[in-house]
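Please read the numbered points alongside the sequence and the model.

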Amino acid sequence: MRLFGETVAVVLLVAFSVAAGDNGAAWHLKWSELPSLPDTPGVAGAFVGNSGDCLLVAGGANFGSPVWQSDKVWHDTVWALEPAGQRTSVVWSVVGRLPQPLAYGMSVSHKGRIICMGGEDGEVVSDAVFVLSWEQEKGVLRTEKLPSLPRPCAFGQATLIGDTIYVAGGQSERDIAAAMRNFWRLNLAQASQADWGWECLPPWPGTERVLPVMASQNTGSDIGVYLFSGRCKRNEKTVFLKDGYRFNPRLYPGQGGISSWSGVSEVPECVAAGCAVSFGEAHILVFGGDNGALFEQADVLRDAHPGFSRRAYAYHTITDTWVDAGETPLSQVTTVAVPWDGRIIIPSGEIRPRVRTPRVTTVEVCGMQTHFGWVNYLALGLYLTAMLGIGVRFARKNRSTDDYFRGGQRIPWWAAGCSIFATMLSSITFMAFPAVAFKTDWTTMGMQWLIPLVSLWVVWRILPFFRRIDATSAYEYLENRFNYPARVVGSLLFTLFQIGRMGVVLYLPALALQAVTGFDPIFCILLMGLVSVVYSAMGGIEAVVWTDTVQTFVLLGGALLSLIIIIMSLDGGLATFVATASGNHKFNFVEFDFSSTSYMIPSLWVIVIGGLFQHVSSYTADQSVIQRYMTTDTEKNAGRSILINGFMAIPACLLFFAVGTGLYVYYSHFPHQLDPTFKADAVFPLFIATRMPPVVAGLVVAGVFAAAQSTLSTSMNSLSTTLITDFARRWNICRSDLGYLRLARLLTVLLGSLGTGMAVMFVLTDVFDIFNTYITILGLFMGVLCGMFLLGMFSRRANSGGCLQGACLSAAVSLWLAFGSGLDIHGYLYPAISVILCCVTGYLLSLISGGNT
């Protein structure tokens, strides 16, 4: 034993040593230039945005030559540059004029137009708000007035979340002494309302300021407005600020006494007058700015002034960390950074006091270049080969549809339990649970603690129904209790749910494989789908169950190994892990604010109600789970398989949430390794790609494959089972059981291909926060289906008409709530809504129609 322990220690030490090195080149910014603004030394304080697919620069101010002997001049010129794919000229063109010369206002781009706000003209500060729209085909520049700002404002900042503009900071007069502590918003979607106008919101808790930098995030990972830096005047002295704040629109007005503003990490140096832009799901990039180091010496240095700061910084909104992103080619300030034509554009601006530049710089974020290596490919290839081998082995045992669909009821209870466990957790666990813990805390894990409770209830109350009728398809029960149309509706709802589920569980691990190999995610999806289809079609339910069993150990082993490497990579190891996580409330288990239905941190009542109904739906109405109830020889062993799955869920969820928390701690200490091009859902793959040692990375990626394939193979086999049992046999499509066996294999191939196509669609549509998308799908389809089962099992008076009408009404209301009502309902609650609606309306409609006869 001692020798074994020493061997393990050496292996882990080697793994840590290798993991401490980089597995690829770091992410970086790639700079280039577009044509310079023509016939001008450049302008500062211009309105910038995109309209009509073109980049527009409007207004601004500059000095004549020589700049130190000239007065400032304000401009009204509007320049436009066509995108590369449409460009007929390599130079800018003048396309119109502003209503008046204007500079130092705020601007945002919204649906093909530029919203321009405030500014000053050398005499007064403006409160005007207007729209610039460039109609390229007609060659017409249009302007349109919008509601004026609450006060005149220049040298402020603006950002956009959805259809809502937010404005912060600035000065109401032409002196910094008039700096404001203001926070306004305008909802452009409410333009048709009679009282449409700007809303004054509570400002940030810090001091007033001008020339701040501001950006917003509006993704599944983060929704918020971020305000940093700026400058103000105190006791006749200009003060340069580095503080930062976040405004959470979901907390306004404050819920439970919680302020909608919170402090965040300050910028490494003052970046007043710099420009910021959000990038990806959780990064804000800041370029340049005035750090104030030479502010008092500008008049003395004049042309000898070295210019403003040329540093770029990246802020990560989840870990609340800053990193130096390198040097910018120019020290541009008082301009706007805008995404356009696939790049971030920084046009013109001021490069040192009084001096402008006509140059237009562009920047692209280049992600990490990873090297998976032949050793990892070998480990992954061996795993995939083993899965195919299992399919080949059990293909010889499938001589009937009973073998193919139920394994001849000869599956050991512990293997059936592992199969249920692998099916229920899958890649949703392996990828999304660490991502959820990384982004928030352990609140959502409370749902998994309900699984043992639901498992006990299922063994006591639900399992006997299915064993009593010796069901191959779970939806046979609906025909026995109600009628064949109820069975058809149940089977079709399950089919729709499983096709969507296959897409989700293929999409998530495709992110991992893309991260560690560099392969296109569509290719990754096709590869995983092909392997799963082959072994599932050949081996039937036995191949699925035994691959699930193997995949359970691969999945848990990969996660445990990852957690060990994460902790060993930290200075201080486990103590640092616990201290950092505790200090940032990452172990928070319950949200007691009962007013909170936030997607990110749902409250206790959302977790309990949503979790109970979600698990009841899965264990009561999901063929892919119920099919395992029928693969063992006795009802007692079937009950054991359900219970072992229920009690495996607790340590597994603890493990995966610990991995996510570990990733948060790790990247809080090493924020430079957070690649902005990665989605937050792919944080675990990012670590695998860049920090895992050889062989270990291959094994962990095999775990990702296992997570996806366990659910995908289950879905294919269970769908094939329901379509054969509920439709093909009823319609006598084949003449023999052998014909149905061949048809089952064909359907497995076709359905697997359809699920693979759904995953490809997710990639092409760039779905954000896939976990919540999956939860919504689960609620819409499985909640209705569960309601039909519970209505039949626990009510003697429910009839077929009431059941079907209740199901249709429940589905219609759930769809409206999810996509048409505009209500902010947490996805966890849809199962409860669907089940309750189906049961209540089905029961009442049954009573109205005379009850069950």
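**Notes on the model**

1. Strand β22 (residues 283-289) pairs with strand β23 (residues 309-316) in the antiparallel sense, over six bridges. Strands (E, at least two residues) and helices (H or I, at least four) are DSSP runs, numbered from the N terminus, and two strands pair if DSSP finds at least two bridges between them. I284 stands opposite Y315 in β23.

2. This is a predicted model, in which local features need pLDDT of at least 70 and side-chain atom pairs count only at pLDDT 80 or more, while totals for chains, interfaces and linings use all residues. Residues are numbered from 1 along each chain as its sequence is written, and side-chain values use heavy atoms, with hydrogens and water left out.

3. The open sheet has four strands in the order β21-β22-β23-β24, with antiparallel pairing. β21 (275-279) and β24 (321-327) are at the edges with a single partner strand each, so one side of each has no neighbour in the sheet.

4. Helix α13 (residues 635-669) has 35 residues and reaches 52 Å from first C-alpha to last, close to the 51 Å expected at 1.5 Å a residue; the expected span is 1.5 Å times one less than the number of residues. Of the 35 residues of α13, 26 are buried, where buried means under 20% relative accessible area, exposed over 50% and partly exposed in between (1.4 Å probe, protein chains only). A kink of about 30 degrees lies at A649, shortly before the proline P651; the bend at a residue is the angle between axes fitted to the seven residues ending there and the seven starting there.

5. Helix α19 (residues 830-848) has 19 residues and reaches 27 Å from its first C-alpha to its last, close to the 27 Å expected. Its buried residues include Y830, P831, C838 and C839. Just after α19, G850 takes a positive phi of about 110 degrees.

6. D470 is in the loop between α6 (451-468) and α7 (476-481), and it counts as partly exposed because its relative accessibility is 41%. N732 lies between α15 (696-728) and α16 (737-765); at 60% relative accessibility, N732 counts as exposed.

7. The peptide bond from S65 to P66 is cis, with omega near -5 degrees. P66 is found in the loop between β5 (61-63) and β6.
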